[in-house]
Amino acid sequence: MSVLEGKKPENVLKFFEEIASIPHGSGNVEQISDYLVKFANDRKLKCRQDEKKNVIIWKRWHKGLREFKACYLQGHMDMVAVKNK
C-alpha cells in the first residue's frame with residue numbers, strides 16, 4: 001500500500017511517488033531520465049534524450065488550445081541529496 005493512496009489528485013500523486021522512489025541525486029540522473037523516456041513512449045509522445053541524459057517531451061495541443069503556438073515547462077531531474085546526522 002502506498003503512503004499517498006487515497007489522497008487527491010491520485011493520478012498526479014501516483015507519478016510523484018514513482019519519481020520519488022527513483023534515486024536522482026546530483027550527477028545521478030540516468031534512471032530518472034530513462035523513466036521520463038519510458039513515460040513518453042508509453043503515451044506515444046514525441047521524445048528526445050541526449051548523451052547527457054537531458055530529456056525533451058512534446059505533447060500536441062488539445063483542440064481548444066490551438067491558438068497558442070507553444071507552452072514550455074522546464075525543470076531539473078536531479079535533486080540535491082543532503083545527509084542528515
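1. Basis of the model. Residues are numbered from 1 along each chain as its sequence is written, and side-chain values use heavy atoms, with hydrogens and water left out. Because this is a predicted model, local features need pLDDT of at least 70 and side-chain atom pairs count only at pLDDT 80 or more, while totals for chains, interfaces and linings use all residues.

2. Confidence. The chain has a mean pLDDT (the predictor's confidence in each residue, from 0 to 100) of 85, and 96% of its residues reach 70 or more. Helices (H or I, at least four residues) and strands (E, at least two) are DSSP runs, numbered from the N terminus. Confidence is lowest in helix α1 (residues 10-20), with a mean of 86, and highest in helix α2 (residues 30-42), with 95.

3. Helix α2. The expected span of a helix is 1.5 Å times one less than its number of residues; for the 13 residues of α2 this should give 18 Å, and the end C-alpha atoms are 18 Å apart, which agrees. In this helix I32, S33, Y35, V37 and A40 are buried, where buried means under 20% relative accessible area, exposed over 50%, and partly exposed in between (1.4 Å probe, protein chains only). The buried residues of α2 pack against α1, β1 (46-49) and β2 (55-58). K44, which follows α2, has a positive phi near 55 degrees.

4. Nonpolar core. A nonpolar core is a set of buried Ala, Val, Leu, Ile, Met, Phe, Trp, Tyr and Cys residues joined through side-chain atoms within 4.5 Å. The largest nonpolar core has five residues in all, namely I22, V29, I32, Y35 and M77. When its neighbours within four places in sequence are left aside, I22 is in contact (heavy atoms within 4.5 Å) with Q31, I32 and Y35.

5. Two strands pair if DSSP finds at least two bridges between them, and β1 and β2 pair in the antiparallel sense over four bridges. C47 stands opposite I57 in β2, and Q49 stands opposite V55 in β2. The hairpin of β1 and β2 has five residues between the strands, and in this hairpin K53 takes a positive phi near 75 degrees.

6. Aromatic pair. Rings of Phe, Tyr and Trp (its six-membered ring) pair if their centres lie within 6.5 Å, and planes under 30 degrees apart count as stacked, over 60 as edge-to-face and the rest as tilted; by this rule the count comes to one aromatic pair. The ring centres of F15 and F39 are 5.3 Å apart and the planes stand at 80 degrees, so the pair is edge-to-face. This pair links distant parts of the chain, with F15 in helix α1 and F39 in helix α2, 24 residues apart. F15 is partly exposed at a relative accessible area of 23%, and F39 is partly exposed at 25%.

7. Segment after β2. Y72 is placed in the segment after β2 and counts as exposed, at 74% relative accessibility. Y72 and W58 are 14 residues apart in sequence and 9.4 Å apart in space, C-alpha to C-alpha. Q74 is also found in the segment after β2, and its relative accessibility of 71% counts as exposed. Q74 and Y35 are 39 residues apart in sequence and 16 Å apart in space, C-alpha to C-alpha.
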